[in-house]
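Please read this briefing with the model open beside you, and look up each residue as it is mentioned.

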Amino acid sequence: MIKFFLSLIGTIVLSLGCLSSSFAQDSDTDTGTDELTPVKSIIKLAPFQFVDNTFFLSYESFNQDYKKSFNVGFGFKTASDFNEEELGFKYEVQYRFYVNGFKPYTPKRKEASYRRGIYASVYFSGLYTQIESEFSTFDPVGNFSTFRTNERTINAFNPGVTIGIQRSVWDILYLDFYVG
């Protein structure tokens, strides 16, 4: 039942993410200039979460002057090992404060500009995971094997603080480096 629930949630999140990103760069007029498209929100995919067998997608929305943003994310995890199976989900809510705003920047030696911003944030994240393990032991005296199943549930809640820098590349890709 949990596998079905996680698959359904993952499919819905992925579908909404693809649908939303397809309309992210729509423009009514073409001015012919090389200015950056103003963005009010960003849909982000965390590729390093794949190492942990987690698909994590988040949505960041900026205020009017690009000095603050609200970020919400959801991910699901499924992993299977030789004798262990793990299923779960994680979520995160984050409020960012940009030092000088998330605004366009043009370097002196290049014509192309990009968006960048240094931020500090407070966040709250949570994790729910079910782990099922199977173990077997062999008794050489009685010449029989015993199989055991161990089920564990992990609920974790984590408040925290991060600092980081976010930068756009080609006006459609955003890199986010942070510590915390």
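## Briefing on a predicted model

Gly73 is buried (under 20% relative accessible area, with exposed meaning over 50% and partly exposed in between, for a 1.4 Å probe and protein chains only), because its relative accessible area is 6%. The model is predicted, so local features need pLDDT of at least 70 and side-chain atom pairs count only at pLDDT 80 or more, while totals for chains, interfaces and linings use all residues. Residues are numbered from 1 along each chain as its sequence is written, and side-chain values use heavy atoms, with hydrogens and water left out.

**Overall layout**

- The protein has one helix and eight strands, where helices (H or I, at least four residues) and strands (E, at least two) are DSSP runs numbered from the N terminus.
- Along the sequence these elements follow the pattern α-β-β-β-β-β-β-β-β.
- Of the 180 residues in the protein, 28% are buried.

**Strand 2 and its partners**

- Strand 2 (residues 54-62) is largely enclosed by the rest of the structure, because seven of its nine residues are buried.
- Strand 1 (residues 41-45) and strand 2 run antiparallel and are joined by five bridges; two strands are said to pair if DSSP finds at least two bridges between them.
- Within this pairing, Ile43 has Tyr59 of strand 2 as its bridge partner.
- Strand 2 also pairs with strand 3 (residues 68-80), again in the antiparallel sense, and here there are nine bridges.
- Gly73, which has its place in strand 3, stands opposite Ser58.
- The C-alpha atoms of Gly73 and Tyr59 are 6.2 Å apart in space, although the two residues are 14 apart in sequence.
- In a regular strand the side chains alternate between the two faces of the sheet.

**Loops with a positive phi**

- Asn53 is found in the loop between strand 1 and strand 2, and its phi is near 60°, a positive value in a residue other than glycine.
- Asn53 counts as partly exposed, because its relative accessibility is 42%.
- Tyr66 lies in the loop between strand 2 and strand 3, a hairpin with five residues between the strands, and Tyr66 has a positive phi of about 60° although it is not a glycine.
- Tyr66 counts as buried, because its relative accessibility is 13%.

**Aromatic rings and charges**

- A pair of aromatic rings is described by the distance of the centres and the angle of the planes.
- The structure holds twelve aromatic pairs, in which rings of Phe, Tyr and Trp (its six-membered ring) have centres within 6.5 Å, and planes under 30 degrees apart count as stacked, over 60 as edge-to-face and the rest as tilted.
- Phe50 and Phe55 form a stacked pair, with 6.3 Å from centre to centre and 25° between the planes.
- Phe62, Tyr66, Tyr98, Phe102, Tyr119 and Tyr174 are linked by ring pairs into a cluster.
- Phe102 and Asp65 are 37 residues apart along the chain, and their C-alpha atoms are separated by 8.5 Å.
- Lys40 lies over the face of Tyr66, 4.5 Å from the ring centre; a charge sits over a ring if NZ of Lys or CZ of Arg is within 6 Å of the ring centre and within 35 degrees of the ring normal.
- In a second example, the charged end of Arg167 sits over the ring of Tyr114, at 3.6 Å from its centre.

**The second largest pocket**

- On a 1 Å grid over the protein atoms alone, a pocket is an open set of points where a 1.4 Å probe fits, with protein on both sides within 12 Å along at least five of seven lines, and lining residues have an atom within 4 Å of a point.
- The second largest pocket has a volume of about 310 Å³, where grid points are joined across faces, edges and corners and the volume is the space filled by probe spheres set on the points.
- Its lining has 15 residues, of which Glu84, Glu85, Glu86, Ile131 and Glu132 lie nearest the centre of the pocket.
- Strand 4 (84-98), strand 6 (114-139) and strand 7 (144-169) are the elements that give two or more residues to this lining.
- By class, the lining of this pocket has three nonpolar, four polar and eight charged residues, where Ala, Val, Leu, Ile, Met, Phe, Trp, Tyr, Cys and Pro count as nonpolar, Asp, Glu, Lys and Arg as charged, and the others, Gly among them, as polar.
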